[in-house]
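My notes follow the structure.

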Amino acid sequence: MSVITSVDNPRVKEVVRLRKGRARRAAGLFVAEGSREVRRAAAAGLTLVATYFAPALIDWDEGEEVDERVLRKMSYRDEPEGVIAVVETPQRTLPDGSTLLLVAVGIEKPGNLGAMARTADAAGADALLVADAECDPWNPNAIRASAGAVFSLPVIDVTAENVAALEHMKVAATLGARRTHTDADYTGRTAFLVGAEDDGLPEAWRNLADVSVAIPMRARTTDSLNASVAAAVLLFEADRQRRA
């Protein structure tokens, strides 16, 4: 078996290029890094185009062997675990009969978007709809923060027009709303609209909502919740109501 030993190898350079969102979109590929992420991508049925591992760092026997220096060049992490995979980006559609959706609007940080995917998956949401985002769910930090949830949960790019056309009740999480989040009924088809914590939901998105709710806070200093935390509060309230 040949071993890749040069950081100038074209395949190494391809992996490095996939750190950039534009390159990921153009190639329809992303990188899963670490044993947990690689195994979960495979278990979710995604197509692993190539796998690279460094025996000096990990006990792994599937894929192409590279030396440690090359693996470190390929890796996004400062302390790589020793295995990465190039994966085809899945093309998802909204599941038929979906009853619980999370719409993430204008999220700026990959870690927050990944955490929202993890939260949506944990609460049993049918999909995460992403609108006006400044990051993508295939960013290495988003994948890591999602704990692999982006591999199996449908994550779909949408516009405001797409969301407005949904038959679901659209619930906007907004500061200062008169109704608290526990006062609305989420037992029917529901889509929660959650914006970035810095700016919240833009006015256009607030206007397309059927209901606006606020999550009461007892803060001395904090004026907002992290987007993934707000999403968790809303989604698990919906889950609670449905279980009841």
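These are my notes on a predicted model.

**Helix 5.** I checked the length of helix 5 (residues 110-122) to begin with. At 1.5 Å a residue, its 13 residues should span 18 Å, and the end C-alpha atoms are 18 Å apart, which agrees. I then looked up burial. The buried residues of helix 5 include Pro-110, Leu-113, Gly-114, Met-116 and Ala-120. Among the elements covering them are strand 5 (100-105), helix 6 (140-146) and helix 10 (227-243). Just after helix 5, I found Gly-124 with a positive phi of about 85°.

**Cores.** The largest nonpolar core has 45 residues, and Leu-102, Leu-128, Phe-151, Phe-192 and Val-194 touch the most other members. Helix 10 gives the most to this core, with six residues. A second, separate core has 17 residues, including Val-158 and Trp-205.

**Salt bridges.** I searched the whole structure and got eight salt bridges. I looked at three of them.

- Arg-72 and Glu-68 pair at 3.0 Å, N to O. Both lie in helix 4 (residues 68-74), four residues apart. Arg-72 counts as partly exposed at 34% relative accessibility.
- Glu-167 and Arg-189 pair at 3.0 Å, N to O. Each lies in a loop, so the pair ties together parts that are 22 residues apart in sequence. Glu-167 is exposed at 67%, while Arg-189 is partly exposed at 36%.
- Arg-240 and Glu-237 pair at 2.7 Å, N to O. Both are in helix 10, about one turn apart. Is Glu-237 buried or exposed? With a relative accessible area of 7%, Glu-237 is buried. Arg-240 is partly exposed at 46%.

Notes: Residues numbered from 1 in each chain as written. Predicted model: local features only at pLDDT ≥ 70, side-chain atom pairs only at ≥ 80, totals over all residues. Heavy atoms only, no water. Helix = DSSP H or I, 4+ residues; strand = E, 2+ residues; numbered from the N terminus. Expected span 1.5 Å × (residues − 1). Buried < 20%, exposed > 50% of the residue type's maximum accessible area, 1.4 Å probe, protein only. Contact = heavy atoms within 4.5 Å. Core = buried A, V, L, I, M, F, W, Y, C linked by side-chain atoms within 4.5 Å. Salt bridge = Lys/Arg side-chain N within 4 Å of Asp/Glu carboxyl O.
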